[in-house]
Amino acid sequence: MGTFTFLFSDLSIMKKIAVFPGSFDPVTRGHQNIVERAAPLFDEVIVALGINTSKQSMFPSEQRLEWLKQTFAHVPNVRVVSFEGLTVDFCKKNEARYLLRGLRNGGDFEYERTIAHMNKALWNELETVLVFTDPDYASVHSTVIREILKNKGDVSQFVPTSIQLPK
Ligand code: ADP
């Protein structure tokens, strides 16, 4: 019994699962870059589309999920799912002890620090792992992509090559 308990509380033998949550409205080359670079660090990365019913999105969740699946189809240890509710609860349910987030600039840092501390307070075993974006994608924001799209601009250079956004 003692050995059993010991084995299952030994972090070194547990699968390293990270969750990369976001609204992905739409997925960008910045998101793609973070996930592709983080995938070798973990046994599995779950790209988790947060469904927030009170937040207005440009694209329906089914479409955003489909684009995420197309973007990461070539990365074997990446799984794409959607979820509702608290990110920490989703992490617990999936036995994911790492929360992956991308950092573009100081603004992201301040925001991510607050979220990381709040999440740690909610679940002490959760570690937030921050990955700096490749400088090529440091100015890529889903918000700006949506503005360009509303004004009928071409966003193809900002989104993954595998996805086709409406013109
Ligand atoms: P949220 O609605 O939670 O901000 P997003 O879909 O905008 O979700 O972003 C999800 C994650 O991806 C966040 O950690 C965000 O900082 C990161 N991210 C967004 N754009 C980029 C980018 N261009 N480079 C690196 N990370 C990014």
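Let me start with Asp 43, which you'll find in the loop between α2 and β2 (44-50). One word before I go on: this is a predicted model. So, how exposed is Asp 43? Its relative accessible area is 42%, so it counts as partly exposed, because that class runs between the 20% and 50% cut-offs. Now look across to Val 78: Asp 43 and Val 78 are 35 residues apart in sequence, and in space their C-alpha atoms are 9.0 Å apart.

There's another pair like that to look at. Leu 65 is in helix α3, which covers residues 61-72. Leu 65 and Val 81 are separated by 16 residues in sequence, with 7.2 Å from C-alpha to C-alpha. Is Leu 65 buried or exposed? Leu 65 has 17% relative accessibility, and since anything under 20% is called buried, Leu 65 goes in the buried class.

Where does the ligand sit? It's in the largest pocket. The elements that each put two or more residues into the shell around it are β1 (17-22), α2 (29-38), β4 (98-103) and α5 (106-122). There are 17 residues around the ligand, and the ones that come nearest are Ser 23, Gly 102, Arg 104, Tyr 137 and Val 140. If you sort the shell by type, you get six nonpolar, six polar and five charged residues.

What about the atoms themselves? Ser 23 has a polar side-chain atom 2.7 Å from an oxygen atom of the ligand. With Phe 24 we're looking at the backbone: an N or O atom there lies 3.0 Å from an oxygen atom of the ligand. Val 140 also uses a backbone N or O atom, and that one is 2.9 Å from a nitrogen atom of the ligand.

Asp 25 and Pro 26 are joined by a cis peptide bond, with omega at about 5°. Thr 28 is in the loop between β1 and α2 as well. A polar atom of the Thr 28 side chain lies 3.0 Å from the backbone nitrogen of Gly 30. And Thr 28 is buried, because its relative accessibility is 2% and the cut-off is under 20%.

Last topic, backbone angles. As background, most residues other than glycine have a negative phi, and most peptide bonds are trans. Glu 95 lies in the loop between α4 (87-93) and β4. With a relative accessible area of 57%, Glu 95 is exposed, since exposed means over 50%.

Then there's Lys 152, again not a glycine and again with a positive phi, this time of about 60°. You'll find Lys 152 in the segment after α6 (142-150). Lys 152 is at 70% relative accessibility, so by the over 50% cut-off it counts as exposed.

How values were computed: Residues are numbered from 1 along each chain as its sequence is written. This is a predicted model: local features need pLDDT of at least 70, side-chain atom pairs count only at pLDDT 80 or more; totals for chains, interfaces and linings use all residues. Side-chain values use heavy atoms; hydrogens and water are left out. A residue is near a molecule or strand if one of its heavy atoms lies within 4 Å of it. A polar contact is a pair of N or O atoms within 3.5 Å; within protein, one must be able to donate a hydrogen and the other to accept it, and residues adjacent in sequence count only if both atoms are side-chain atoms. On a 1 Å grid over the protein atoms alone, a cavity is a set of points where a 1.4 Å probe fits but cannot get out, and a pocket is an open set with protein on both sides within 12 Å along at least five of seven lines; lining residues have an atom within 4 Å of a point. A molecule sits in a cavity or pocket if more than half of its atoms lie within 2 Å of its grid points. Helices (H or I, at least four residues) and strands (E, at least two) are DSSP runs, numbered from the N terminus. Ala, Val, Leu, Ile, Met, Phe, Trp, Tyr, Cys and Pro count as nonpolar, Asp, Glu, Lys and Arg as charged, and the others, Gly among them, as polar. Buried means under 20% relative accessible area, exposed over 50%, partly exposed in between (1.4 Å probe, protein chains only).
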